[in-house]
Amino acid sequence: MTNFAVLFQLHSLLIIPMSDIKKIGSALVSVYHKEGLDELIIKLHQLGVTLYATGGTQTFIEKLNIPVVPVEDITDYPSILGGRVKTLHPKVFGGILGRRELQDDVAQLQSYEIPHIDLVIVDLYPFSKTVASGAPAHDIIERIDIGGISLIRAAAKNFNDVVIIPSVNDYPLLLQTLETTNGSTDLNFRKQQASKAFAITSHYDTAISAWFDPAHQGFFKQSLESSTPLRYGENPHQKGVFYGELDEMLEQLAGKELSYNNLLDIDAALSLAFDFETPVTAILKHNNACGVATGGTPLENWKAALAADPVSAFGGVIVTTSPVDEALATEIGNLFFEVLIAPSFTEKAFAILNSKKNRMLLKLKKKITQPAQFRTILNGVLWQERDACVEKKSDLKCVTNVEPTKNQINDLLIANIIVKHSRSNTIVLVKDSKLVAAGVGQTSRVDALEQAIDKAVKFGFSLEGAVMASDAFFPFPDCVEIARKAGIMAVIQPGGSKKDQESIDYCNANGMAMVMTGVRHFRH
């Protein structure tokens, strides 16, 4: 039985009319990436397909000793303006857009001696890669594809008669199809390719638009080519998908598929860790840190982070910026956790951690932060710049008679990083470079502070000499009063309240140090 007969039987079962099956007789090829193109060209030649090509693609085909018709032979015009204009001609686009079922279209094509083009293979100039390379503006502009985009759109529009291959990624698919069907395609295939083609052109144009206007003034566009279906969304009854190239940043070494909630916690964990200049270990639960420690050895940092809230740490997400060795893995392995992220694992460490089923072990390959954040709300989208502000010692303004000590300044800066990455309203307490306790997601700042103090007491911590960070200003002096009674001696906050002086006066009267940053870190 011939391939065509098999195709006929298959389409009969799918109730697809044979009139929807089109034999490829001619192809226009104009591509940037040529990897894998040779097999495709050879197969098309074997099927008796007439090949038309431009510039470098034409040269590539000629080197294969396969006949090819230069596009200039169709248009009677050479490539001009340094290659900017090659295919933009009625004799090219007429052959692509001509509707085979309309006699008027067919007659016009014959009248103007325009050949039918049944297959268009295009691979666009790599605009995004050129931008990412740091190339100058002139080079980036020259990587804005004009003819290729137009060819893709024309072929996709006329999917009833024409097949579009809009990317190097589809070369293998076309080759497989040609081998299976002996050079024929059905309407479903052509329509699927058209859908893919418009997605590619939309993504391409979005990248260009973003380069011209990175601030998104007056419009919102976002396009990511890669997608990974998730087991479900935030809850089992919700669908979820991750869009992006996660393996560019992280390598999953072990464990089950990452979930929607896992990814949110991983993002929160890495965002926190990236703000530290010293090695740090953190444990997060529901996007909030329940343990953070820096300044010690990797093992010391782990023990200190876990001590802050061993109850919340159960089933949490762990991030460490230190390599994981056997000793550290042994300690971490005593805890039930969902995800562990680290820059590397020794062979013995990996064996220890991977001994229990479903633990997700991730290797951090590359530090990547998004310049902006957005979320859908109501009938639109909220967009903002990412909060990239990390206060340094030089950013602190002491507003009290007592200045913080060197150790207190270190703790204040650590607390300020943690408070930035916690849900508002939030208060963070730090002592000796370690998170002692945090109150997060409260409707009042007093509630957040009292929650933090209660947690510290619950887990046996003394707050004598601890420091306090607040994500926003104190509207009243009540928080510093409560903090002082608990033993806290230094405070960091943005400032900006009409009653700042009342909090400052209380600190002065009670020997406390207070610094202001002028930067609020709300997180909702």
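Let's start inside, at Leu272: leaving out residues up to four places away in sequence, Leu272 touches Ala282, Leu284, Ala289, Val292, Ile417, Ile418 and His421, where contact means heavy atoms within 4.5 Å. Keep in mind that this is a predicted model, so local features need pLDDT of at least 70, side-chain atom pairs count only at pLDDT 80 or more, and totals for chains, interfaces and linings use all residues. Residues are numbered from 1 along each chain as its sequence is written, and side-chain values use heavy atoms, with hydrogens and water left out.

Leu272 belongs to the largest nonpolar core, which has 45 residues; Ile266, Leu272, Val292, Ile341 and Ile418 have the most contacts inside it. A nonpolar core here is a set of buried Ala, Val, Leu, Ile, Met, Phe, Trp, Tyr and Cys residues joined through side-chain atoms within 4.5 Å, and buried means under 20% relative accessible area (1.4 Å probe, protein chains only). A second, separate core has 28 residues, including Ile74, Ala155, Tyr204 and Ala207.

Now look at Ala342, in strand S14 (residues 337–342). Strands are DSSP runs of E with at least two residues, helices are runs of H or I with at least four, and both are numbered from the N terminus. Ala342 is buried, at a relative accessible area of 0%. Setting aside neighbours within four places in sequence, Ala342 is in contact with Thr320, Ser322, Val324, Leu362, Lys363 and Leu364.

Next comes an open sheet of five strands, in the order S4-S3-S2-S5-S6, with parallel pairing. Strand S4 (69–70) and strand S6 (163–165) are at the edges with a single partner strand each, so one side of each has no neighbour in the sheet. Two strands pair if DSSP finds at least two bridges between them; S2 and strand S3 (residues 50–53) are joined by four. Val29 stands opposite Ala53 in S3.

A pocket is an open set of points on a 1 Å grid over the protein atoms alone, with protein on both sides within 12 Å along at least five of seven lines, and lining residues have an atom within 4 Å of a point. Of the 27 residues that line the second largest pocket, Gly83, Arg84, Lys86, Tyr125 and Asp145 are the closest to its centre.

Technical notes: On a 1 Å grid over the protein atoms alone, a cavity is a set of points where a 1.4 Å probe fits but cannot get out, and a pocket is an open set with protein on both sides within 12 Å along at least five of seven lines; lining residues have an atom within 4 Å of a point. Buried means under 20% relative accessible area, exposed over 50%, partly exposed in between (1.4 Å probe, protein chains only).
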